[in-house]
Amino acid sequence: MAKKLIVANWKMNPETPREAKEILTPVKKIAQNLKRVTTVLCPPALFLPLAVGAKPSEKVAVGGQDCFGEISGAYTGKISPTQLYYAGARYLILGHSESRAAGDTDAAINHKLRLALKAGLKVILCIGEHQRDEAGQYLQFIKQQLEEDLKNVQRKFANQLIVAYEPVWAIGIAASGPDNPESFHHQSIYIRKIVASFLGKEAAMDLPILYGGSVTSKTAEAFLKAGEADGLLVGRASLDPAEFGKILKIAEAVK
Ligand code: PGA
């Protein structure tokens with residue numbers, strides 16, 4: 001069985017390097033001892049060197065939370081995918097709903113995604129509808145996101161792709177709570193079907209599909225087991241080392 005991928009999205013937290021270390025030290029200690037889990041820590045880019053530490057590790061990788069759509073140049077305040085790679089990141093979150101809300105378009109996400117794949121990063125592409133409707137319009141919305149965000153991606157890069165299904169209504173403090181594992185399972189079958197239509201069946205079957213949105217140690221097992229998620233993208237709960245440590249151990253124990 002493939003390893004579970006547990007991704008921590010710290011967002012713009014914490015404020016100080018000291019607090020970052022207080023999360024990193026205990027989390028890394030737990031993550032290093034797991035055999036069936038790959039942990040990916042996505043701190044703010046400034047804390048990447050802290051998160052990478054002295055020895056890069058396969059079990060505990062680090063990732064960026066977004067990037068700019070150029071490799072270098074006169075782009076004040078921006079960070080390129082190659083810079084993230086050379087800072088030690090091996091993963092990159094793209095298309096997070098908070099970045100989309102701040103103006104990220106599907107075309108821009110697609111451009112960044114193709115650059116990031118070339119730079120050697122594994123891309124965690126976030127998709128998800130704002131609301132569910134009885135008529136099933138939200139399914140069309142997800143299809144469109146996938147088609148536009150993954151447009152013209154070469155098949156040779158398929159093994160660097162990860163999709164995180166994060167219904168927007170389930171994310172963050174204002175969320176109504178997480179989705180349910182059965183619904184996630186249906187969504188992941190649907191996502192594979194769409195991806196198969198342009199990247200081929202094999203790539204679609206091998207594609208890791210994560211669940212994200214209000215995951216805690218109380219819901220992690222259900223999404224991994226009943227929902228058959230290949231992993232989780234964890235926001236708030238990843239800032240609490242005890243809680244995130246519990247989620248990692250749950251993922252290790254899932255059969
Ligand atoms: P949450 O965030 O776990 O705090 O809902 C998830 C995410 O935004 O990736």
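These are legends for several close-up views of one predicted protein model.

Residues are numbered from 1 along each chain as its sequence is written, and side-chain values rest on heavy atoms, with hydrogens and water left out. Because the model is predicted, local features need pLDDT of at least 70 and side-chain atom pairs count only at pLDDT 80 or more, while totals for chains, interfaces and linings use all residues.

**View 1. K11 and E98 pair up across the chain.** What kind of contact does K11 form with E98? The two form a salt bridge, with the closest N and O atoms 2.9 Å apart. A salt bridge here is a side-chain nitrogen of Lys or Arg within 4 Å of a carboxyl oxygen of Asp or Glu. The pair links distant parts of the chain: K11 is in the loop between β1 (4-9) and α1 (17-32), E98 is in helix α4 (residues 97-101), and 87 residues separate them. Those element names come from DSSP runs (helices are H or I with at least four residues, strands are E with at least two), numbered from the N terminus. K11 is buried, with a relative accessible area of 19%, whereas E98 counts as partly exposed at 39%. For these words, buried means under 20% relative accessible area, exposed means over 50%, and partly exposed is in between (1.4 Å probe, protein chains only).

**View 2. R192 reaches D230.** Here the closest N and O atoms of the salt bridge are 3.1 Å apart. R192 lies in helix α7 (residues 181-199) and D230 in the loop between α9 (220-225) and β8 (231-234), so the pair ties together parts that are 38 residues apart in sequence. R192 is buried, at 16% relative accessible area, while D230 is partly exposed, at 23%.

View 3. D66, D104 and K112 are linked by salt bridges into a network. How many salt bridges does the structure hold? The count is 10. As a general point, side chains of opposite charge can pair when their charged atoms come close.

**View 4. R114, K118, K151 and K156 form a positive surface patch.** Patches are made of residues with over 30% relative accessible area and no salt bridge; like charges are joined within 9 Å, and nonpolar side chains (Val, Leu, Ile, Met, Phe, Trp, Tyr) within 5 Å. Lys and Arg count as positive and Asp and Glu as negative, with His and the chain ends not counted. K156 is exposed, with 59% relative accessible area.

View 5. How many disulfides does the structure hold? The answer is 0, where a disulfide would be a pair of cysteine sulfur atoms within 2.5 Å. For C67, the nearest cysteine sulfur is that of C42, 13 Å away. C126 is in no disulfide either, and its nearest cysteine sulfur, again that of C42, is 9.3 Å away. Is C67 buried or exposed? At 9% relative accessibility, C67 counts as buried, and C126 is buried as well, at 2%.

**View 6. A cis peptide bond and two positive phi values.** The peptide bond from N13 to P14 is cis, with omega near -10°, and P14 is found in the loop between β1 and α1. Over at S214, phi is near 60°, a positive value in a residue other than glycine. S214 sits in the loop between β7 (209-212) and α9 and is buried, at 18% relative accessible area. E228 has a positive phi too, about 55°, although it is not a glycine. Its place is in the loop between α9 and β8.

**View 7. P241 and T25 come together in space.** In sequence, P241 and T25 are 216 residues apart, yet their C-alpha atoms are 8.8 Å apart. P241 lies in helix α10 (residues 241-253) and is partly exposed, with a relative accessible area of 22%.

Conventions:
Areas by Shrake-Rupley, 256 points an atom, 1.4 Å probe, with all protein chains shown as cover. Charge placed at Lys NZ, Arg CZ, Asp CG, Glu CD.
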